[in-house]
Amino acid sequence: MTQRASGTFDITGWDEYATDARPGGITLGRVRVTKAFHGDLEGTSVTEIQTVHTESGPAAYVGIEHFEGSVHGRKGTFVLQHCAGGGADGQWLIWRIVSTSGTGELAGLSGEGQITVDEDGGHSYVLEYR
């Protein structure tokens, strides 16, 4: 049975480890992001992302996020795979749970979801999971 978790998160840390300016105005980067989750997900996470910036701004990122906390009160950890991009048409940010990564009461967790960034820079999420 598929369930839906939603809420918000705060970015509590943003540490850039490497940047590499490339021809054509492209910059590749590596960033470590920490977050605090609120709502149906309660906990913290650490994310390692690879970023791409172009002359017109952020363009895309991929990442791996390790979440520790609870989902609807069930405690454990799991890993999310990120894929995101943006441009003139807007942005898209997709999560996918690495299905073999759940521990504790979250063992066997699978599913996917989306992140939304509002006009004020706040972050919300929806995660459909089984």
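This is a predicted model: local features need pLDDT of at least 70, side-chain atom pairs count only at pLDDT 80 or more; totals for chains, interfaces and linings use all residues.
Arg4 sits in strand β1 and Glu128 in strand β8, so that the pair links parts of the chain that are 124 residues apart. Arg4 is exposed, with a relative accessible area of 52%, while Glu128, at 28%, is partly exposed.

In all, the structure holds 6 salt bridges, and another one joins Glu65 to Lys35 at 3.2 Å, N to O. Because Glu65 lies in strand β4 and Lys35 in strand β2, this pair ties together parts that are 30 residues apart in sequence. Are these two residues buried or exposed? Glu65 is buried, with a relative accessible area of 0%, and Lys35, at 7%, counts as buried as well. There is also a network of salt bridges, which links Arg30, Arg32 and Glu48.

Let me turn to the nonpolar core. The largest one has 22 residues, and Phe78 is among those that touch the most other members, as are Phe37 and Trp95. Strands β1, β2, β3, β4, β5, β6 and β8 each supply at least two residues of this core.

Finally, the largest pocket has a volume of about 540 Å³. It is lined by 26 residues, and Trp14, Pro58, Tyr61, Gln91 and Leu93 lie nearest its centre. The lining divides into 15 nonpolar, 10 polar and 1 charged residue.

Definitions and conventions: Residues are numbered from 1 along each chain as its sequence is written. Side-chain values use heavy atoms; hydrogens and water are left out. On a 1 Å grid over the protein atoms alone, a cavity is a set of points where a 1.4 Å probe fits but cannot get out, and a pocket is an open set with protein on both sides within 12 Å along at least five of seven lines; lining residues have an atom within 4 Å of a point. Grid points are joined across faces, edges and corners, and a volume is the space filled by probe spheres set on the points. Ala, Val, Leu, Ile, Met, Phe, Trp, Tyr, Cys and Pro count as nonpolar, Asp, Glu, Lys and Arg as charged, and the others, Gly among them, as polar. A nonpolar core is a set of buried Ala, Val, Leu, Ile, Met, Phe, Trp, Tyr and Cys residues joined through side-chain atoms within 4.5 Å. Buried means under 20% relative accessible area, exposed over 50%, partly exposed in between (1.4 Å probe, protein chains only). Helices (H or I, at least four residues) and strands (E, at least two) are DSSP runs, numbered from the N terminus. A salt bridge is a side-chain nitrogen of Lys or Arg within 4 Å of a carboxyl oxygen of Asp or Glu.
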